[in-house]
Amino acid sequence: MKYIFKNQLWALVLLIFAFSCNDNGGEKPLGKYDTGILIMNEGNFGTNDGEVYHYDPSTETLTKDIFELENSRPFAGLVEDMVLEQDRLYLVANTGKVEIVNPGDFKSIGAVSADLDQPRSLATASGKLFISDYGPYDASYATPDSYIAVVSGLDGGTVKKKIEVSNKPEDLFAFGKYVFVAGSEESQIEIIDAEKEEVVKSLEVTGRPVQFFEQNGDLWVYSYDSDHVYFQSFHRDNLTKKEFRELPVGQATGRIALGEDSKIYIVTSSGWPEYQDGVAVVSIFDTTLIPDWTSGSGFYGIGYDQMRQEVYLSNANDFQGAGTVTVFGKDGTEVKSMEVGRGPSGFMFR
Amino acid sequence: MTLLLWVVTVFGFVPVQDTVSLQPVEVYAPALDRYAQGQKVVDFEVETLRAYSARSLGDLLQEKSPLFIRQYGAGMLASPSFRGTSAGHTAVFWNGLPINSPSLGQSDLSILPVEAMDRVQLQFGSAGALFGNEAIGGSLHLSSESDFGKGFQAALSQTVGSFGLFNTSFSGGFSSKESTLQGIETLRGLGKSFSAKTRLYRQFANNDFRYQDLAQAGTPEVREDHAQVEQIGLVQDMAWNLSTQDQLKAAFWWQKSDREIQPPMGSHTQDRQSDESIRAVLDYYRFGRHSTLNLKSGFIQDQQIFNGSLNQTRQFLLATDYDFSPGEDWNFKAGARATLVRGDLSTYSATDRRYEFYQSARWYAGEGLSVSLNLRQLAYPENFEPFLPSIGADWKFWENGKHQVLLKASLGKGFKVPTLNDRFWEPGGNPDLLHEESLNGEIGVSWEKKASFSWEQSLTYYRMQVDNWIIWLPMGSVWTPQNIREVKNQGIEYQGKAEWKTGRLEWAWMMGYTFSQALDLTTEPENPKQLPYTPEHQANGNLSATRDWISLNLSSFFVGQRSIGTGGARIMDAYQVWNAGLLFSKLHWGKTSFPLSFQVLNLLDKNYQVLYLRAMPGRSYQLNLTIHL
């Protein structure tokens with residue numbers, strides 16, 4: 001779920017760059033998955049049937065199970081996150097591995113397959129991989145031994161160090177030699193020096209921080225609790241807190257997408273037992289606050305296609321089998337619906 | 001007392017009982033099919049059970065019956081699917097005691113070792129009226145038995161095999177007086193007698209088999225390192241003939257199993273599970289001239305510790321029934337059962353009481369036609385189930401010398417009370433759940449020929465509808481059960497066996513084929529799809545050749561494609577697995593006999609998975625030696 005934003009931006013930058021350099025002729029040819037939309041299907045707990053689907057909106061072609069298709073073996077894990085950095089696509093499985101594929105053809109480049117417990121996300125810095133991991137459960141299903149695993153090569157390998165952090169680290173964001181960690185359970189933003197491989201600073205934030213993103217040049221973290229959503233930005237030069245926003249959106253989840261005109265789409269859920277889901281739309285920079293942009297039941301992931309200005313909303317259909325993805329125009333009208341893999345939880349727009 | 005380990009591994013088709021007669025066993029047990037006219041009942045032969053004594057009930061049923069067993073790996077959770085229904089839709093009885101866990105509503109067949117059983121019977125289709133709760137897809141009836149009049153008997157058995165398999169069992173029996181029980185009249189002539197049989201067993205396997213790890217780049221062959229299983233058990237059977245009219249029977253079964261839970265490929269979980277069960281049953285029979293009175297009491301305690309978290313349930317059962325035949329053509333039975341369930345689970349404690357009243361009638365109409373009608377009423381706190389009826393008929397409509405053709409037809413309802421976890425689990429338990437219910441109808445024909453080339457063939461067609469099927473669904477971060485699913489099942493079951501001789505060779509052939517359609521009407525009623533993990537096609541076959549005391553056996557089972565989820569989810573490949581065996585049944589040393597058998601499982605080293613990414617072992621070997629003292 002954390003994959004989308006920085007990668008969306010990356011994709012956008014690439015897109016602009018591609019348009020502006022349209023005639024240079026020296027670009028390497030695009031692979032078949034370098035365009036279109038990657039749909040992350042988390043898979044079912046205990047079944048390890050997570051997979052990535054590819055959807056080409058121009059031809060309306062959906063390709064199933066592209067990891068298995070290109071590598072002749074199943075993904076065999078629960079896909080927690082997709083991270084596109086350093087011309088590599090990192091598929092983070094919370095069942096304990098990271099698969100690294102070439103983003104153009106999805107061929108396997110490498111993996112981190114040992115010494116991980118419940119990886120959540122990944123970032124690259126100083127030529128290394130930093131992998132956030134809940135660590136093992138203890139007897140009462142708490143995770144007191146969460147860590148950031150360090151691997152000294154961009155193509156995977158062995159875990160050389162585990163940096164202890166606060167419980168349940170989620171998203172990571174790297175710039176320069178620093179890696180920001182969203183410590184969700186204890187409301188901490190921990191900053192790791194990628195060269196020293198240690199936490200150099202901790203900042204307390206409000207709510208449950210889960211997702212970093214950049215908007216209008218600033219680095220923000222999104223966090224939430226039962227009644228509000230919060231946005232906190234940071235000074236990158238001196239690693240301090242900058243601006244803070246608090247908005248009255250109740251029952252928010254960790255799933256958000258960056259939409260048009262700096263809008264932010266947030267999946268909300270009343271949870272058990274009523275289980276009413278919805279999408280709220282907010283903005284950090286203006287007064288936009290739409291608590292019920294759409295509503296329904298079973299919403300599991302959200303993404304925004306900046307090129308076509310369409311919202312992709314996924315439904316896990318109770319994890320009983322195939323999930324569905326519904327595409328909406330930004331005015332909320334339904335454009336298309338398709339059956340995808342189990343537990344569709346996020347998108348990457350290429 | 002020669003113990004035939006492996007001769008002809010075929011089903012026995014239970015013959016129709018036309019008249020009041022007890023099974024020719026030494027200790028009385030009411031016949032399963034006495035009021036089950038029109039229903040399909042399969043009884044495994046003793047030789048088949050012997051051949052599977054080192055293995056689990058799950059293995060036996062997967063390889064030798066139309067059931068599909070969802071196996072989560074070698075020695076791991078094995079849950080039955082009868083006619084496309086779920087594991088909770090199979091009632092399981094041990095010596096007449098319902099042994100499904102009241103919290104889970106099902107049994108794990110991997111921890112029911114065949115070693116502990118003397119008899120295994122399957123009843124197909126909804127039979128709530130006859131067997132009560134959970135008999136929706138069918139029911140399994142397991143029993144242990146002791147014999148009268150056999151004096152002292154003892155046997156020591158040792159099996160060694162691949163992947164660290166090391167099973168040891170000891171059985172010893174003593175019975176005081178010669179007696180043969182062929183019918184009520186014979187029994188009335190009996191004096192006092194006593195019989196006891198003790199079985200002790202330990203079954204162990206490292207399960208460190210090699211498999212291709214699909215989750216790793218290059219799919220290297222690796223060794224399974226977290227699937228070790230150990231089971232220890234004690235079965236004690238006792239029976240007393242107190243007088244010429246009274247028999248008392250007691251059975252006790254203690255078992256403890258410790259397992260490392262084999263994770264699916266791609267996971268590295270290190271879960272451990274320990275299951276300990278105590279089951280005890282006491283039966284009193286009073287035999288009249290045309291009647292049998294039974295008083296039954298039972299106790300079951302199940303303890304499961306999963307990664308240190310304890311779940312415990314206890315059940316107390318009291319039942320009585322009275323079976324009488326006022327005339328040659330009529331049989332009646334009426335009974336009542338009370339069950340008290342106490343659950344102390346890791347997240348809740350709950351008590352449940354159930355009362356059941358049932359009656360059965362059978363009428364022999366002449367011309368080979370028998371008809372039965374069964375009724376049951378169940379009550380649990382604040383709930384009265386609808387009256388559950390079933391009706392069935394057997395018609396032996398053609399018989400001439402060697403041939404006999406039998407028609408069967410039945411219609412019955414089944415139901416399932418929501419389990420304790422369904423109702424009370426914290427969080428998510430849903431106390432407002434309705435019971436699941438089913439309606440099942442079937443017709444069948446069987447054709448038996450007795451000659452030098454003899455055969456038995458049976459073909460059954462069934463239709464079933466299951467409503468209010470309970471599924472646990474995620475509600476935000478909490479999973480909660482709901483009466484959501486509606487399923488229509490239909491299918492065909494064929495079973496055939498034949499026996500013949502060529503010279504000194506005795507041949508036996510057996511084959512079964514099942515077509516099972518289970519359509520989920522819940523999500524897309526206009527375009528219903530087959531339920532997950534429910535193969536449409538299954539088959540099994542067996543061929544054995546015996547010459548004097550040497551027997552050679554080749555068997556195979558086939559499981560067709562099945563999806564791993566609803567909608568357009570992934571489809572798993574069909575697979576076929578072959579087994580072979582060799583038995584020397586009459587090795588002697590003085591008065592001691594020691595049958596020796598050798599088996600090769602997965603003969604062709606087939607790489608397959610029953611459930612997605614759950615590795616299964618390749619070719620393995622087992623050698624068994626039994627010494628009869």
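## Ground rules

The model is predicted, so to speak: local features need pLDDT of at least 70, side-chain atom pairs count only at pLDDT 80 or more, and totals for chains, interfaces and linings use all residues. Residues are numbered from 1 along each chain as its sequence is written, chains are lettered from A and ligands numbered from 1 in the order written, and side-chain values use heavy atoms, leaving out hydrogens and water.

## A four-strand sheet in chain A

Chain A has an open sheet of four strands in the order E8-E9-E10-E11, paired antiparallel. (Strands are DSSP runs of at least two residues, numbered from the N terminus; two strands pair if DSSP finds at least two bridges between them.) Strands E8 (119-125) and E11 (159-164) of chain A are the edges, each pairing on one side only. E8(A) is joined to strand E9 (residues 128-133) of chain A by six bridges, and Pro119(A) sits opposite Asp133(A).

## Salt bridges

Over all chains there are 52 salt bridges, each a side-chain nitrogen of Lys or Arg within 4 Å of a carboxyl oxygen of Asp or Glu. One of them joins Lys160(A) to Glu197(A), with the closest N and O atoms 2.9 Å apart. Lys160(A) is in strand E11 of chain A and Glu197(A) in the loop between strands E14 (188-193) and E15 (198-204), so the pair ties together parts 37 residues apart in sequence. Glu197(A) is buried at 6% relative accessible area, while Lys160(A) is partly exposed at 47%. (Buried means under 20%, exposed over 50%, partly exposed in between, with a 1.4 Å probe and protein chains only.)

In chain B, Lys40(B), Arg83(B), Glu442(B) and Glu493(B) are linked in a salt-bridge network.

## Chain B: hairpin and patch

Strand E3 (residues 68-71) of chain B is covered on both faces: Phe68(B) and Arg70(B) on one side, Ile69(B) and Gln71(B) on the other, are all buried. E3(B) pairs antiparallel with strand E4 (residues 78-81) of chain B over four bridges. Six residues lie between the strands of this hairpin, and Gly73(B) takes a positive phi near 125°.

On the surface, a nonpolar patch that includes Trp395(B), Trp447(B) and Tyr461(B) has about 880 Å² of accessible area in total. (Patch residues have over 30% relative accessible area and no salt bridge; nonpolar side chains are joined within 5 Å, like charges within 9 Å. Areas come from the Shrake-Rupley method with a 1.4 Å probe.) Trp447(B) lies in strand E25 of chain B.
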